Amino acid sequence: MALTDWSKSMTTTVAFIGLGVMGYPMAGHLANAGLSVRVWNRSGEKATQWASEHSGAACDSIALAVRDADFVITCVGADKDLIEVFEGDEGIIANAPEGAILIDHTTASAGIAERLAESAGARKQAFIDAPVSGGQQGAQNGALTIMCGGAEQAFEKARPVMAHYARALNLMGPAGSGQKTKMVNQIAIAGLVQGLSEALHFAEQAELDVRKVVDVISKGAAQSWQMENRSGTMIDGEFDHGFAVDWMRKDLGICLEEARKVNASLPVTALVDQFYADVQSMGGRRWDTSSLIQRLRKFR
């Protein structure tokens with residue numbers, strides 16, 4: 001059977017672990033595509049709610065969810081959460097069958113991806129670290145960008161499954177490569193958002209028509225996704241449109257830790273990380289990442 005046909009077959013079972021703002025709609029896309037989906041969430045109420053809205057089953061334990069699953073997909077918080085759900089007698093690796101493909105969409109360290117890949121391999125399972133970019137909106141719209149690390153054969157089998165909620169899928173190299181690529185993404189975003197914040201703040205202080213300024217410069221070399229999608233809400237002081245500051249600081253911490261390991265210099269990233277700490281101290285832990293401009297407005 002062709003891979004694309006296999007991924008759509010009702011006999012293909014997917015266990016989805018972690019139903020946060022990203023995982024909930026991602027699991028929904030799989031159910032809507034006709035796959036047999038079982039879900040587990042630390043808060044059982046969330047799994048029950050998901051099952052009431054989709055064709056799928058809520059499970060009381062990870063072990064039950066992953067039993068006989070063809071694919072196990074996780075989307076949790078951080079390294080410690082991955083250790084909790086993957087390892088131990090009741091975890092994914094001990095209870096998923098041989099041949100299962102384990103796909104992790106958590107943004108985590110490259111080290112944990114390498115560790116889990118080794119543990120899964122010892123059980124004749126395949127592990128793919130597959131962090132995503134696109135935020136909650138991308139998850140809801142099935143338009144995420146996914147950067148993967150793992151074996152090519154496992155990636156090709158997993159590709160049609162992930163394609164149900166992705167607009168771009170790429171294998172970047174062996175285990176850990178997906179996480180390292182996501183680090184590159186977050187490093188680039190940190191500098192872009194700070195630059196945009198400073199530009200808008202300058203325009204405000206110079207008493208320019210800021211929206212007119214954005215309209216002009218967005219037609220040239222200054223244009224970016226952040227300018228296109230966030231400049232208006234930044235001008236209005238609205239910061240409930242995406243990835244939270246708390247999560248960005250977690251990600252930048254991972255970037256800075258990996259930079260020390262590979263001897264990379266990230267002075268701008270380190271500085272922006274501290275700027276986000278200032279935003280946290282202002283009460284902006286759950287504001288989206290474009291809230292860096294509020295720090296400039298406060299400390300001018």
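**Entry 1: cores.** I noted at the start that the model is predicted. I looked up the largest nonpolar core and found 34 residues in it. Phe16, Leu30, Ile146 and Met162 have the most contacts inside that core. Apart from it lies another core, of 24 residues, and I noted Ala69, Val85, Ala113 and Ala117 among them.

**Entry 2: Phe16.** I left aside its neighbours within four places in sequence. Phe16 then touches residues including Gly23, Met26, Leu30, Trp40 and Ile73.

**Entry 3: aromatic pairs.** I found 2 aromatic pairs in the structure. Phe86 and Phe127 have ring centres 5.7 Å apart and planes at 75°, so I logged this pair as edge-to-face. Phe86 belongs to helix α5 and Phe127 to strand β6, 41 residues apart. Phe86 is buried at 1% relative accessible area. Phe127 is also buried, at 5%.

Next I took Phe239 and Trp287. Their ring centres are 5.8 Å apart and their planes at 35°, so the pair is tilted. Phe239 lies in the loop between α12 and α13, and Trp287 in the loop between α14 and α15, so the pair ties together parts 48 residues apart in sequence.

**Entry 4: helix α15.** I checked residues 292-299 and listed Leu292, Ile293, Arg295, Leu296 and Arg297 as buried. Their cover includes α10, α12 and α14. I then looked at Arg295: its charged end sits over the ring of Phe275, 3.8 Å from the ring centre.

How values were computed
Residues numbered from 1 in each chain as written. Predicted model: local features only at pLDDT ≥ 70, side-chain atom pairs only at ≥ 80, totals over all residues. Heavy atoms only, no water. Buried < 20%, exposed > 50% of the residue type's maximum accessible area, 1.4 Å probe, protein only. Helix = DSSP H or I, 4+ residues; strand = E, 2+ residues; numbered from the N terminus. Contact = heavy atoms within 4.5 Å. Core = buried A, V, L, I, M, F, W, Y, C linked by side-chain atoms within 4.5 Å. Phe/Tyr/Trp six-rings, centres within 6.5 Å; stacked < 30°, edge-to-face > 60°. Lys NZ or Arg CZ within 6 Å of the ring centre and 35° of its normal.
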